[in-house]
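My entries follow in the order I made them.

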Amino acid sequence: MNSVVSEEALAAQENPSSLRQLIRADQLTAVRQTVLLSIPVNVVLGLISTFVAWSSGKFLIGLVWLACSGVVNMLRILACRMSIEGIARAPLISRVAGSGGRTAVDINLRLHWMLALLSGLVWAGVPALCEGYTTPETLFYLTCVCGITAGAVTHGFAYARIPICFITPPLVSVIACLAYGGDSTRIALSLAVLLYLAALIRGSRVSEKLVSDASALKNRATSATAALKIAHENLTEFAEKMQYQAEHDLLTGLLSRAGFMDMGERLLLQREHPLCMMFLDLDGFKVINDAYGHDAGDQVLVEAAQRMQDALSEAYTLARLGGDEFVILYPLTPVSEAAELVATRLIDAVRLPFSRLANRHIGLSIGIYVSDQDDINEMLVCSDAALYEAKRRGRNQYCVFSERLNERLQMKRDVERDLAQALANGELEVWFQPIIQRNGRSPDGFEALLRWNHPRHGWIAPPDLIEIAALAGLSEDLLRFILDKVVELIRFLHTARLTDLRVAMNISPRELERIVINDLVSLKLKEFNLPPEMLEIEITEETAIDLQVATQTLAALSEMGVSIAIDDFGVGYSSLGFLRQMRVSRVKIDRSFVTDLAYKLENQALVQAILHLSESFRFQVVAEGVESIDDLQMLQEMNCPAMQGYYFSPPLPIAGAMAWMKGQSAAEQAPA
């Protein structure tokens with residue numbers, strides 16, 4: 001980019017008139033190119049028309065007409081070949097085109113449309129070759145005129161005035177000659193040509209508008225590029241900055257995922273000792289975003305990253321993978337500090353109070369993996385598995401990847417391999433955990449929980465099953481199996497006339513995206529003539545906010561009468577608009593806010609806020625994870641409508657759930 005273009009681009013950015021001149025310059029460039037393309041066609045058609053005139057005995061008139069056309073075409077070629085500034089400075093052109101403060105580009109455009117008008121006037125003389133379109137050659141000349149006018153519009157897309165000036169005289173002459181003839185056919189044909197002229201004019205203007213808009217966008221982009229260039233000393237500096245941004249997280253200044261992967265590959269190639277990878281995740285960060293806003297969350301990320309960096313030496317590579325996830329990689333030399341000591345120091349650094357969070361603290365969970373292998377992705381997988389285990393143990397924990405965790409990875413591979421056969425053999429089970437009303441005794445419904453006792457790995461957690469089923473393409477088969485068992489319990493409750501109870505089943509994000517769940521549910525309920533109100537679909541908060549595809553499915557289920565529940569409320573990003581739009585009938589407070597509720601004032605405030613919200617939006621609240629009498633009593637004092645947890649009952653096989661329900665019914669009917 002030269003300095004002249006940069007100055008013009010910057011001027012266009014600040015001054016609309018300068019942008020207009022840049023657009024005009026683009027139009028002139030296109031005009032000079034397209035006119036040169038169209039002139040040969042004009043010349044050939046002129047020669048053919050003169051030949052036809054000679055054949056019909058009008059050679060002299062045709063020769064005069066051809067000479068006029070040739071002169072105009074030569075002038076148009078010269079206007080395209082001469083320099084723009086040279087044309088603008090020519091005295092004759094200045095007088096004819098009228099300089100009057102116009103720019104060189106405007107003078108050139110003005111000259112081009114004048115020459116186009118002159119050429120159009122020449123073609124308007126075609127009636128002289130065919131006696132006003134009355135001779136046998138009329139069809140040929142009409143075809144030529146219509147063809148060359150259509151071609152003029154096609155070639156003159158950049159600047160509408162030029163094709164309009166060219167096509168109007170010949171088409172008006174056609175209209176006049178045909179209308180003058182008087183018979184209905186010629187009058188109808190003249191009207192058609194008039195409509196054709198109007199269409200060509202409109203097409204020319206639309207084409208010019210599109211070209212102008214494209215030119216404006218191009219020139220604005222050029223001005224932005226020029227501004228970036230001026231902001232940097234040279235192109236090399238600009239490229240280095242772009243490279244830095246591609247490899248670094250712009251919020252914290254640490255390496256990004258892409259930068260870390262590149263750095264990790266280099267360390268693997270150069271290593272002389274085993275490498276230690278630490279996968280770090282902030283505990284409770286999502287709650288910070290909800291309670292204090294994303295700006296405060298960003299500041300916490302920046303401060304946490306700085307604390308980690310301060311706790312590490314230059315030998316450690318620290319990166320932010322995204323969100324609140326960080327990773328550390330360093331060579332474990334004989335003099336290196338033990339990974340456990342480094343992890344402890346990092347946890348202690350992050351647990352200190354943050355200035356923006358008042359009395360709230362952030363925790364840090366760390367997964368550690370030491371390896372000699374050459375696969376950075378495998379190291380990430382293993383350290384992530386260790387991190388998952390650390391988070392399972394609670395906040396401010398670290399976990400070293402062990403053989404047990406390796407067995408868990410192997411478990412996932414085995415489950416993926418065996419799941420299809422297990423489904424076919426009926427090895428999977430659906431258990432049901434009761435949901436209890438506020439009084440702590442009366443049942444309010446059940447939640448279905450998937451179970452599988454794998455022959456090698458024992459009981460497989462439901463999230464693992466759902467995740468693995470999706471990877472194996474078995475999501476729909478698994479969903480049908482769960483729905484069958486849920487409907488079986490609903491049939492039992494319906495037969496017992498307990499139609500006020502609901503049975504809830506969880507739906508994963510992948511199922512909402514890929515399976516027409518509402519059709520499956522509708523067919524299954526109609527098969528046994530069961531009321532839709534006895535079924536409840538539970539979705540997680542993240543599902544509700546992230547999956548736009550889910551909206552139609554959930555709306556259809558809601559219209560059917562199926563209840564919609566938000567699971568794990570308080571740990572995601574559900575909007576109030578979603579709660580209202582989807583007619584959510586139940587919200588389940590995540591167990592992390594319910595466990596030890598009696599002793600945590602902050603959690604009490606959050607639960608109370610959700611209960612107040614439920615009154616406005618008219619949804620029921622269920623508190624998950626009730627495991628003590630103290631938590632039960634606190635929830636009862638808060639008037640929480642329903643509760644669920646091991647304090648009341650663990651999940652039960654379907655036969656156990658039916659027996660439990662019969663026992664509850666018998667207890668309620670027994671005399672006091």
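**Charge pairs**

I started with K524, which forms a salt bridge with D484, the closest N and O atoms being 2.8 Å apart. K524 sits in helix α20 (residues 517-527) and D484 in helix α18 (residues 475-495), so this pair ties together parts 40 residues apart in sequence. My rule for a salt bridge: a side-chain nitrogen of Lys or Arg within 4 Å of a carboxyl oxygen of Asp or Glu. Helices (H or I, at least four residues) and strands (E, at least two) are DSSP runs, numbered from the N terminus.

I noted the source before going on. This is a predicted model, where local features need pLDDT of at least 70 and side-chain atom pairs count only at pLDDT 80 or more, while totals for chains, interfaces and linings use all residues. Residues are numbered from 1 along each chain as its sequence is written, and side-chain values use heavy atoms, with hydrogens and water left out.

Next I checked burial for this pair. Buried means under 20% relative accessible area, exposed over 50%, and partly exposed in between (1.4 Å probe, protein chains only). K524 is buried, with a relative accessible area of 17%. D484 counts as partly exposed, at 35% relative accessibility.

How many salt bridges does the rule give? The count comes to 24 salt bridges. Side chains of opposite charge can pair when their charged atoms come close.

**Strands β7 and β12**

I looked up D444 and R586. Their side chains meet in a salt bridge, at 2.3 Å from N to O. D444 is in strand β7 (residues 443-454) and R586 in strand β12 (residues 586-589), so the pair links distant parts of the chain, 142 residues apart. Is D444 buried or exposed? D444 counts as buried, at 11% relative accessibility. R586 is buried too, with a relative accessible area of 0%.

I followed the strands to K588 and E447. These two form a salt bridge, with the closest N and O atoms 2.9 Å apart. K588 lies in strand β12 and E447 in strand β7, so this pair ties together parts 141 residues apart in sequence. Both K588 and E447 are buried.

**Helix packing**

I turned to helix α16 (residues 403-425) and helix α17 (residues 462-471). They pack at an angle of about 55 degrees, with their axes 9 Å apart. That makes α16 oblique to α17. For the axes, lines are fitted to C-alpha atoms, for helices over the stretch in contact, and angles run from 0 to 180 degrees between N-to-C directions. Angles under 35 degrees count as roughly parallel, over 145 as roughly antiparallel, 65 to 115 as roughly perpendicular and the rest as oblique.

α16 passes α17 in a right-handed crossing. A crossing is left-handed if the near helix is turned anticlockwise from the far one by less than a right angle, and right-handed if clockwise.

Which residues meet here? From α16 I listed R408, M411, K412, V415, E416 and L419, which meet D464, L465, E467, I468, A469 and L471 of α17. Contact means heavy atoms within 4.5 Å. By class, this contact has seven nonpolar, no polar and five charged residues. Ala, Val, Leu, Ile, Met, Phe, Trp, Tyr, Cys and Pro count as nonpolar, Asp, Glu, Lys and Arg as charged, and the others, Gly among them, as polar.

I then took helix α3 (residues 59-81) with α6. Their axes come within 9 Å and cross at roughly 165 degrees. That makes α3 roughly antiparallel to α6. The crossing of α3 and α6 is left-handed. The α3 side of the contact includes W65, C68 and V72, and the α6 side includes L111, L115 and W123. The residues of this contact divide into 12 nonpolar, five polar and one charged.

Y133 has a positive phi near 60 degrees. Y133 lies in the loop between α6 (104-123) and α7 (138-155). Y133 counts as buried, at 0% relative accessibility.

R497 is not a glycine, yet has a positive phi of about 60 degrees. I found R497 in the loop between α18 and β9 (502-506). R497 is exposed, with a relative accessible area of 76%.

**Whole chain**

I closed with totals. The chain has 26 helices and 15 strands. Buried residues make up 48% of its 672 residues. Among contacts between residues at least 6 apart in sequence, 70% join residues at least 24 apart.
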